[in-house]
Amino acid sequence: MSDIVYAEEPALSAQDYIAIIGSTYMAERRPVGNPDRIGRMLAGSGVIVTARDAGRIVGLLRGISDGEWVCYVADLAVAAGQQGKGIGTGLLHTCRTILGPGMGIVLIAYPEAVDYYRKIGMGEMQGFYFDREVRT
């Protein structure tokens with residue numbers, strides 16, 4: 001079994017993003033059929049952290065930050081078949097290390113992931129949003 005390597009990867013390809021997101025319940029909630037839009041999403045991200053096993057991507061975290069106070073985690077995903085191995089927690093810890101101790105991390109969890117975030121000790125807060133009018 002290989003060791004997971006966590007790294008900041010600002011040039012993550014749309015194909016790698018789609019491979020991970022597309023293997024999870026998040027596939028129906030992201031424009032995985034639109035690589036150009038995914039490319040723009042990645043380009044607009046402030047931090048992208050990946051988890052790779054023998055070079056193969058097995059997880060990713062995509063965050064948007066002001067660089068000083070807070071980072072909003074827009075995506076945290078671990079490939080199907082790799083979940084439950086601590087990879088998501090490793091991605092979050094790596095992101096925290098990259099951002100430094102003066103930065104907070106927030107996210108909005110899908111119902112499927114709420115128990116995971118509670119288990120790893122994240123605090124809870126109320127969130128609100130306007131959904132996008134066009135989904136693809």
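These questions and answers walk through one predicted model.

Trainee: What should I know about the numbering and the model?
Mentor: Residues are numbered from 1 along each chain as its sequence is written. In this predicted model, local features need pLDDT of at least 70, side-chain atom pairs count only at pLDDT 80 or more, totals for chains, interfaces and linings use all residues, and side-chain values use heavy atoms, leaving out hydrogens and water.

Trainee: Which residues touch the most other members of the largest nonpolar core?
Mentor: A nonpolar core is a set of buried Ala, Val, Leu, Ile, Met, Phe, Trp, Tyr and Cys residues joined through side-chain atoms within 4.5 Å. Buried means under 20% relative accessible area, exposed over 50%, and partly exposed in between, with a 1.4 Å probe and protein chains only. The largest core has 17 residues, and those touching the most other members are V47, V49, L61, L76, I87, L91 and Y117.

Trainee: Which elements each supply at least two residues of this core?
Mentor: Helices (H or I, at least four residues) and strands (E, at least two) are DSSP runs, numbered from the N terminus. The elements are β2 (47-53), β3 (56-65), β4 (70-78) and α3 (87-99).

Trainee: How many residues are in the second, separate core?
Mentor: This core includes A14, I21, I57 and L60. Its residue count is 14.

Trainee: Which residues does L91 touch, not counting those up to four places away in sequence?
Mentor: Contact means heavy atoms within 4.5 Å. On that basis L91 touches Y6, V49, T50, A51, G59, L60, L61, L76, A77 and V78.

Trainee: Is I38 buried or exposed?
Mentor: I38 lies in helix α2 (residues 35-43). Leaving aside neighbours within four places in sequence, I38 is in contact with A14, Y17, I18, P31 and V32. Its relative accessibility is 0%, so I38 counts as buried.

Trainee: What distance separates the C-alpha atoms of I38 and H93?
Mentor: Along the chain, I38 and H93 are 55 residues apart.

Trainee: How many residues of β4 are buried?
Mentor: Strand β4 has nine residues and is mostly covered. Y72 is found in this strand, and at 32% relative accessibility Y72 counts as partly exposed. The number of buried residues in β4 is seven.

Trainee: Which residue in β5 is the bridge partner of Y72?
Mentor: Two strands pair if DSSP finds at least two bridges between them. β3 and β4 pair in the antiparallel sense over seven bridges, and there Y72 is the partner of I64. β4 also pairs with strand β5 (residues 104-107), in the parallel sense over four bridges. In β5, the partner of Y72 is V106.

Trainee: Which residues make the nonpolar surface patch?
Mentor: Patches are made of residues with over 30% relative accessible area and no salt bridge, with like charges joined within 9 Å and nonpolar side chains (Val, Leu, Ile, Met, Phe, Trp, Tyr) within 5 Å. Accessible areas come from the Shrake-Rupley method with a 1.4 Å probe, and for residues only the protein chains shown count as cover. The patch covers about 420 Å² and is made by I64, Y72, I108 and Y129.

Trainee: What is the phi of A54 near?
Mentor: A54 sits in the loop between β2 and β3. With a relative accessible area of 69%, A54 is exposed. Phi is positive here, in a residue other than glycine, and is near 55°.

Trainee: How many salt bridges does the whole structure hold?
Mentor: A salt bridge is a side-chain nitrogen of Lys or Arg within 4 Å of a carboxyl oxygen of Asp or Glu. One of them joins E112 and R29, with the closest N and O atoms 2.9 Å apart. A search of the whole structure finds seven.

Trainee: Which residues are linked with R52 in a network of salt bridges?
Mentor: R52 bridges E9, the closest N and O atoms being 2.7 Å apart. R52 lies in strand β2 and E9 in the loop between β1 (4-8) and α1 (14-21), so this pair ties together parts 43 residues apart in sequence. D16 also bridges R52, at 2.9 Å between the closest N and O atoms. The residues linked with R52 are E9 and D16.
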